[in-house]
Amino acid sequence: MGSSAQRLVRRSGLAAAVVTSVIAAGAWLMARTTPETIWRYEIVGEYPHDPNAFTQGLYFEGGHLFEGTGRRGESAVRKLELDTGRVVEQADLQPWFFGEGIAPWGDRIYQLTWVAGVGFIYDKESFEPEGQFQYDTEGWGLTHDERSFIMSDGSADLSFRHPVSFRELRRLPVSDEMGPVVALNELEYVDGYIWANIWHRDELVAIDPETGVVVGRLDLSDLMAGARPADPEGVLNGIAHDPSTGHFFVTGKLWSRVFEIRLTEPN
Ligand SMILES: [Ca+2]
């Protein structure tokens, strides 16, 4: 290849790189400038919640709430009767494990632990132990889309993980107009968006799973206002979704109530 041809190739390579960068910057700018949807809500139901349950995971399936609880010696996975809060099934963790997020996959329930690097699998019906899985980050929240688990670890990243091996498939940095959103906690994948609690914040955020950009917010500071637990760690945490109604169930650590809410857009 002659030197002029090499220059041409180099130049076209450079041009392609510039074009790619411009497209990426444009996509970033568009995502940046897309206004967040500020959701509102109305309460459509209110149910009892065990005020000793340190809620770390929550989802709704088949008419029941499923809850994972934390704190060493108190960690469990439970299937709950919605109307009464009655425990239908329960599996306890050994007392040295601190339970975190839970999510179903097929006929199993997966449960994270905080710092042990190991998670536990249960049969969804019998709650019998079915196995373990491992990961090399902290374990906080867990949910899934159609293809993989989605996990938070206390950072501003979410990881997408293989539903059988739990191997990390990709990481998604989450940001809003202020920068990285750290301490992402309990999660719920709903209609193409990842809803997340943020540790010690009274709002939910909706995250675009492709860009990681926060595209919506829901202020829940009025929930249980004046009746929050005295424990400073009794914060909002726990998002479940009922696809048959579109309603969300939300609660907090050590809260005495689960709220069923319907989202409304202000505009
Ligand atoms: Ca959840």
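Which residue lies over the face of Phe160? That's Arg170, sitting 3.9 Å from the ring centre; a charge counts as over a ring if NZ of Lys or CZ of Arg is within 6 Å of the ring centre and within 35 degrees of the ring normal.

A note for every view: this is a predicted model, where local features need pLDDT of at least 70, side-chain atom pairs count only at pLDDT 80 or more, and totals for chains, interfaces and linings use all residues. Residues are numbered from 1 along each chain as its sequence is written, and side-chain values use heavy atoms, with hydrogens and water left out.

**View A. Tyr59 and Phe66 make a stacked aromatic pair.** Their rings are 4.8 Å apart centre to centre, with 5 degrees between the planes. Rings of Phe, Tyr and Trp (its six-membered ring) pair if their centres lie within 6.5 Å; planes under 30 degrees apart are stacked, over 60 edge-to-face and the rest tilted. Both Tyr59 and Phe66 are buried (under 20% relative accessible area; exposed is over 50%, partly exposed in between, using a 1.4 Å probe and protein chains only).

**View B. Trp96 and Phe97 form a tilted pair.** Here the centres are 6.1 Å apart and the planes 45 degrees. Trp96 is exposed, at 55% relative accessible area, while Phe97 is buried at 12%.

**View C. Ring pairs tie several aromatics into a cluster.** The linked residues are Trp105, Tyr110, Phe133, Tyr135, Phe149 and Phe166. Across the whole structure you'll find 18 aromatic pairs.
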